[in-house]
Amino acid sequence: MNQPIWLTEQDVVGLLDLREAIAALEAALRQEAAGAAANMTKTLLQYGKANLHAIGGKLGDLVGTKSWVHTEGGTCPLLLLWDAADGSLVAVVEAFALGNLRTGGISGVATDWMAAPGARSFAIVGTGKQSLSQVGAVLAVRPIEELRVFSPRPESRAAFAGRAREEFGIKVVDCASVEAACDGAAIVTLVTRAAAPFLSASHLARGSHLNAVGAIAPDREEFAQDVFARASRVAVDNVVGVQKLSREFITRYASGDWAEVMPLSQLIAAGRKRAPGDDVSLFKAMGMGISDLALGTELVRRAKDRGVGRTLAQPKKAKPRLTRSKETT
């Protein structure tokens, strides 16, 4: 039986970088398209201003689930991996960095397949914890020369622009509005917790690509419905997750035809890159288990090859007490 391991945040960042995560994610999506990987539908419990999330899936010889609670006071995500054949514990992975690599990485895969090959200008709206990895993912797949940044608070924009310049060494423009950031941009990424749409079709240049990755609960919404009218191609990480939790897509397709919404895995398997006459391409990510499994599987493989991680005892069954013990009587 496997001896399980615990991988810390430091282990994760030492074992895997963003470019490697993008490659692992694309490989897993190809397995999904071939029927060799499966998702557990994302579940969500909202209480007050907090959310409990759980996603999972199967990939290769492993099954797993990642769960976290997003609160105003913070969060602590963990990925649990089990052997698909015997159910034994394989790994517990601290999943802050993994989440950044996964969320950024899936945008990188989508951008590589859907954005114009020569895209050089990129706008990001939102400067939170996921934003820097979103920038890194786009830079990993396109020759970006200028990054434009918008968020409502000037101090947040300035701080993020400074971090992006230091991290990536590119030109970064602090923009005072969504319109200014998106004007002529070949790629736009939305990564906010907005409760009402702030981006409309008029903000997007012809032939641009849009990644919408911030609104992952039904009480959030980033882009207006007129974006769909201009979308030559619409792809999502997981159709069921979008049908259940994306207000933008539920509003558009609840009584319509979901057939035009393509899973990213199928787009890749079909080899469907951007066509010359395409206008806007739209990618929506809600988060899915296969993405976490893709990185978790790769992390475990590398950890075992390099002897990384703290070993744990395999949990053993214990007989439950079915009657009151004599000591309590």
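## The seven-stranded sheet

Seven strands make an open sheet, ordered β2-β3-β4-β5-β6-β1-β15, with mixed pairing. Strands pair if DSSP finds at least two bridges between them. Strands here are DSSP runs (E, at least two residues) and helices are runs of H or I (at least four residues), numbered from the N terminus. β2 and β15 (310-311) are the edges; each has a single partner strand, so one side of each lacks a neighbour in the sheet.

This is a predicted model: local features need pLDDT of at least 70, side-chain atom pairs count only at pLDDT 80 or more, and totals for chains, interfaces and linings use all residues. Residues are numbered from 1 along each chain as its sequence is written, and side-chain values use heavy atoms, with hydrogens and water left out.

## Strand β1 and the helices on the sheet

β1 (residues 5-7) pairs with β15 in the antiparallel sense, over two bridges. Trp6 has Arg310 of β15 as its bridge partner. Helix α11 packs on this sheet and touches β1, β2, β3, β4, β5 and β6. Contact means heavy atoms within 4.5 Å. The direction of α11 makes about 65° with that of β3.

α3 lies across β3, β4 (62-70), β5 (78-83) and β6 (89-94). α3 runs at about 105° to β4. Such angles run from 0 to 180 degrees between N-to-C directions, with axes fitted to C-alpha atoms, for helices over the stretch in contact.

## Helix α2

How far should α2 span? At 1.5 Å a residue, its 16 residues (18-33) should span 22 Å, and the end C-alpha atoms are 23 Å apart, which agrees. The expected span is 1.5 Å times one less than the number of residues.

Asp17 caps the N-terminal end: a side-chain oxygen lies 3.2 Å from the backbone nitrogen of Arg19. After α2 comes Gly35, with a positive phi near 85°. Buried residues of α2 include Leu18, Ile22, Leu25 and Glu32. Buried means under 20% relative accessible area, with a 1.4 Å probe and protein chains only. Among the elements covering them are β2 (37-47), β3 (50-59) and α11 (289-306).

## Around strand β7

Five of the five residues of β7 (121-125) are buried. Ser121, Ala123 and Val125 point one way; Phe122 and Ile124 point the other. In a regular strand, side chains alternate between the two faces of the sheet.

β7 pairs in parallel with β8 (146-150) over five bridges. Ala123 has Arg148 as its partner in β8. Four bridges join β7 to β10 (187-190), also in parallel. There, Ile124 partners Thr189.

Helix α4 is mostly covered, with 10 of its 11 residues buried.

Definitions and conventions
Buried < 20%, exposed > 50% of the residue type's maximum accessible area, 1.4 Å probe, protein only. Polar contact = N/O pair within 3.5 Å; in protein donor to acceptor, adjacent residues only side chain to side chain.
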